[in-house]
Number of protein chains: 2
Amino acid sequence: MQLGLLYSGGKDSTLAALVLERFYDITLVTAHFGVTDEYEHARQAADAAGFEFRALELDREVAEEAVERMREDGYPRNGIQHVHEAALEAVADLDFDAIADGTRRDDRVPTVSRAQAQSLEDRHGVDYLSPLVGFGRNAVDRIVDAELDVEVGPSEEIPRADYEAELRAVLAEEHGEGAIREVFPDHDQTYVHGLRE
Amino acid sequence: MQLGLLYSGGKDSTLAALVLERFYDITLVTAHFGVTDEYEHARQAADAAGFEFRALELDREVAEEAVERMREDGYPRNGIQHVHEAALEAVADLDFDAIADGTRRDDRVPTVSRAQAQSLEDRHGVDYLSPLVGFGRNAVDRIVDAELDVEVGPSEEIPRADYEAELRAVLAEEHGEGAIREVFPDHDQTYVHGLRE
């Protein structure tokens with residue numbers, strides 16, 4: 001069975017791939033807007049972890065809607081949720097038997113409710129899996145320590161390909177660099193360099 | 001890391017073990033009340049799937065409380081939830097680093113909310129995982145078809161060791177055979193004979 005997993009190059013989505021690897025032929029799919037080439041970092045992380053990779057370009061309109069929402073809110077949560085939902089719809093339109101993401105139990109964003117999951121499955125004729133949604137933060141951290149070679153650091157310094165990097169770029173293009181600080185708090189990101197020996 | 005997984009001998013808890021096998025040393029733990037020896041079916045399923053097994057006897061009082069609740073309600077859901085919560089508390093008191101169960105996304109019972117999960121983890125100093133809670137019914141069925149040798153049939157005819165078998169026995173002991181039909185609707189169960197070749 002072919003499964004497309006939304007992938008950022010970070011620890012959560014890499015661990016999600018390890019959880020599902022036994023059951024599916026996995027392609028890691030990184031959604032982007034063609035604004036920066038940061039999705040190439042995800043390609044490198046996918047290679048290092050030994051998975052197939054595919055980049056999937058979304059309409060720039062999705063990024064613009066997300067950025068407007070983030071500016072109105074003054075925080076990024078709903079904008080990121082908007083992009084994640086659009087990315088799930090886009091990957092569900094590809095030719096996979098199943099799709100998945102790296103959502104964890106303790107994530108505040110993105111989240112996919114049971115009703116959203118069922119709707120996605122019914123409308124697209126795919127199975128949707130969130131393999132980490134039954135894993136808490138400590139369990140994820142302990143498993144990642146054992147399985148992955150991970151770099152941790154502030155958002156601006158860690159190579160990665162989550163939606164945030166491009167949304168920051170779109171925000172800066174449309175509203176100047178200062179708009180980034182108004183929307184995004186400082187926080188750490190992770191980038192996977194590969195599996196542990 | 002040592003993980004204790006609540007185990008019935010059915011397809012869901014067996015699949016949960018396969019999902020976590022890569023990351024933990026797993027012991028399948030079957031809770032029972034010492035009323036029947038049906039947990040021996042779970043031991044056989046665990047052997048067939050290649051996992052360590054442990055039986056865990058709960059207080060009969062838990063079964064009696066569950067049965068009273070089921071008689072009051074006229075359906076088994078809340079009684080089974082009561083037993084599952086008691087079983088999670090008991091397995092969390094053993095010496096595992098992590099505990100888990102086979103709860104699926106579409107299960108109506110038992111369910112463990114995010115708040116219950118966090119409380120269990122905080123009070124017992126363990127990680128709690130529900131590895132199938134991000135898997136829908138169709139995904140579980142397709143993976144089980146590929147991975148497990150499963151027997152399906154009516155509840156009364158399938159060897160198994162979920163709480164239901166002993167709760168039926170306690171119900172019959174205390175209120176006669178007729179009480180079973182008043183509480184339990186007919187439905188199919190599964191029993192795992194082993195992994196596919």
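A polar contact is taken here as a pair of N or O atoms within 3.5 Å, of which, within protein, one must be able to donate a hydrogen and the other to accept it, residues adjacent in sequence being counted only if both atoms are side-chain atoms. On this basis, 12 residue pairs, both members at pLDDT 80 or more, are in polar contact between chain A and chain B of the structure, which is a predicted model. The side of chain A that touches chain B receives two or more residues from each of α1 (11-20), α5 (114-124), β5 (127-129) and α6 (137-147) of chain A. Of these elements, α6(A) gives the most to that side, with five residues. Sorted by class, the side of chain A that touches chain B comprises 16 nonpolar, five polar and 10 charged residues.

Charged side chains also pair across the interface of chain A and chain B, where eight salt bridges are found. One of the salt bridges links the side chains of A:Arg105 and B:Glu121, with an N to O distance of 2.8 Å. In terms of contacts, 31 residues of chain A meet 29 residues of chain B. The size of an interface is often expressed as the accessible area that is lost when the parts come together. For chain A and chain B, the buried area is about 2600 Å², and carbon and sulfur atoms give 52% of it. A:Arg22, A:Phe23 and A:Arg105 together account for 26% of the area that chain A buries against chain B, which is more than any other three residues supply.

Within chain A, five strands are arranged as an open sheet in the order β3-β2-β1-β4-β5, with parallel pairing. From one strand to the next, the twist averages 25°. Strand β1 (residues 2-6) and strand β2 (residues 25-32) of chain A are paired in the parallel sense over five bridges, and A:Gln2 is placed opposite A:Asp25 in β2(A). Two helices that lie across strands of chain A may be described in turn. Helix α2 (residues 39-49) of chain A lies across β2 and β3 of chain A and runs at about 165° to β3(A), while helix α4 (residues 77-92) of chain A lies across β1, β2, β3, β4 (98-100) and β5 of chain A, at about 160° to β1(A).

Elsewhere in chain A, A:Ala169 is located in helix α7 (residues 163-175). When neighbours within four places in sequence are left aside, A:Ala169 is in contact with A:Val35 and A:Thr36. A:Ala169 and A:Thr36 are separated by 133 residues in sequence, yet their C-alpha atoms are 7.7 Å apart in space.

Chain B contains an open sheet of five strands with the order β3-β2-β1-β4-β5 and parallel pairing. Because β3 (52-57) and β5 (127-129) of chain B stand at the edges with a single partner strand each, one side of each has no neighbour in the sheet. The twist in this sheet averages 25° from one strand to the next. Strands β1 (residues 2-6) and β4 (residues 98-100) of chain B run parallel and are joined by three bridges, with B:Leu5 opposite B:Ala100 in β4(B). Helix α4 (residues 77-92) of chain B packs on the sheet, where it touches β1, β2 (25-32), β3, β4 and β5 of chain B, and its direction makes about 160° with that of β1(B).

Notes: Residues numbered from 1 in each chain as written. Chains lettered and ligands numbered in written order. Predicted model: local features only at pLDDT ≥ 70, side-chain atom pairs only at ≥ 80, totals over all residues. Heavy atoms only, no water. Contact = heavy atoms within 4.5 Å. Buried area = accessible area lost by both parts, 1.4 Å probe. Salt bridge = Lys/Arg side-chain N within 4 Å of Asp/Glu carboxyl O. Helix = DSSP H or I, 4+ residues; strand = E, 2+ residues; numbered from the N terminus. Nonpolar A, V, L, I, M, F, W, Y, C, P; charged D, E, K, R; others polar. Pairing = 2+ DSSP bridges. Axes fitted to C-alpha atoms, helices over the stretch in contact; angles between N-to-C directions.
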